[in-house]
Amino acid sequence: MHAIILSVGDELVLGQTVDTNSAWLSQQLAAVGCDTFAHITVGDDQQMIQRAIARSAWRCDVLLVTGGIGPTEDDLTRQALAAVMGVELELNQQWLAELDQFFKNRGRVMPERNRIQAMIPRGAKLIFNTAGTAAGIEALLSLPQEGGRESCRVFIMPGVPKEMKIMFERDVLPFIKQSGGGACILSKTLHTFGLGESAVAEKLGDLMKRDRNPLVGTTVAGGIVSLRVNSRFSSREQTQSELDRAVKSCYDVLGDLIYGENDRSLAEVINEWLKLKNETVTIAESCTGGLLAKMLTDVPGSSDIFQTGFVTYSNDAKYNRLGVSTEMINIYGAVSEPVVEAMSKNALRLAKADYALAVSGVAGPGGGSATKPVGMACIALAWKDGVTLRTFNFPGDREMVRDRAAKMALSMLRYHLLKKPMPF
Ligand code: ATP
Ligand code: MG
């Protein structure tokens, strides 16, 4: 079964409201094996809505429309549907009585313009709204077109997300399930950091072939390359077992490159590890200006693993707070491995932590040179028996460089905890 989702509202096309309805509906449909072909968004314009309905209907089995069934002049979805069906709107006495009652219960008389909310195209079915005044509409559209489907079931639901969700679950979902969405779709997301998307894809090789089921795809956000594994079979058991198998294959290929699944962040992984080991980390940050501390403490309960840190942005601060000698800074520069080494060792001692991460880099846009270009960052990890030093060149603007440097520092600690060399 295939669906198209049409969202109606000027606020959506103007970008004032983010269309969360379509995302939520797609997720619900996927969960019962109904594929979504497209998301379409149009403003409160009857011609546009009409055209969108007519063009979508012969491409899908079910068309889900949200928005534009309020009582005001700009609510035109019902009129558009009636026009596509080639019928008039007619009054639904039962819903008119409900509306009357709705207002009476609030000690008010129903405004005349709410009457339109009891009008539905002739031949369509009204869907009760238990949470508001906008009733939904269900209609079977017959639009024979060459190469198209014979008919399409259209559901019109309120734009208000809460009302839409109630109506979808109660009145639309049963239809979809019964019409043999049939298949079950389950997904898992695996996150990696450190290698680029194409390098990850290369390692995955055939696992990413587009005709596979489960299907493995990659997305990138904030330097994190994530694999989305979608499994789709007729029974839940098979969907789950095939998903597990495909996920295992991804782990077999990528191993420790995968740091977490679904909503996990790198900092959560570090928090969990250190909690398990009953150890703590401190930070000494220059170019990241506290970002590393923020990431670590974004995780609830992080006081178990993080007590204090040092944001030492200027050379004076590096000396005054961490005791990094001015001479050393003058010889090597603030962005150098000897300086981050000293920052990390001194922070470790001062904070009495088990690990210390220190970062110093050229975040840009200015301040770069031929030997120390924008994006260069030195990172040190110190622990009681030693220190690891690395220099990286991160691409991108100031925000990106700082973000990647902080994530790379967390990765250095992660690989140290894994007792594995970093593979990048
Ligand atoms: P209804 O059909 O329920 O009367 P409407 O389009 O007539 O909806 P509006 O007043 O335009 O009602 O929208 C109601 C609220 O729902 C607004 O806050 C609007 O931004 C929000 N909304 C509408 N469509 C969406 C959507 N696709 N995703 C998220 N929010 C939405
Ligand atoms: Mg609207």
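1. Helix H3 (residues 46-57) packs against helix H4 (residues 77-85) at an angle of about 50°, and their axes lie 8 Å apart. Because of that angle, H3 is oblique to H4; angles under 35 degrees count as roughly parallel, over 145 as roughly antiparallel, 65 to 115 as roughly perpendicular, and the rest as oblique. Axes are lines fitted to C-alpha atoms, for helices over the stretch in contact, and angles run from 0 to 180 degrees between N-to-C directions. Helices (H or I, at least four residues) and strands (E, at least two) are DSSP runs numbered from the N terminus.

2. This is a predicted model, in which local features need pLDDT of at least 70 and side-chain atom pairs count only at pLDDT 80 or more, while totals for chains, interfaces and linings use all residues. Residues are numbered from 1 along each chain as its sequence is written, chains are lettered from A and ligands numbered from 1 in the order in which they are written, and side-chain values use heavy atoms, with hydrogens and water left out.

3. Which residues come nearest to ligand 1? Of the 17 around it (a heavy atom within 4 Å), they are Asp 19, Gly 68, Ile 69, Asp 75 and Gly 159. Helix H1 (10-13) and helix H2 (20-31) each supply at least two residues of this shell.

   - A polar backbone atom of Gly 159 is 2.8 Å from an oxygen atom of the ligand.
   - A backbone N or O atom of Thr 20 lies 3.1 Å from a nitrogen atom of the ligand.
   - A polar side-chain atom of Glu 11 lies 3.3 Å from an oxygen atom of the ligand.

Taken alone, ligand 1 exposes 620 Å², of which the protein buries 76%; accessible areas come from the Shrake-Rupley method with a 1.4 Å probe.

4. One runs from Asn 213 to Pro 214, with omega near 0°, and Pro 214 sits in the loop between helix H7 (197-204) and strand E10 (215-221). Another joins Gly 364 and Pro 365, with omega about 5°; Pro 365 lies in the loop between strand E15 (355-361) and strand E16 (376-383).

Methods: A polar contact is a pair of N or O atoms within 3.5 Å; within protein, one must be able to donate a hydrogen and the other to accept it, and residues adjacent in sequence count only if both atoms are side-chain atoms.
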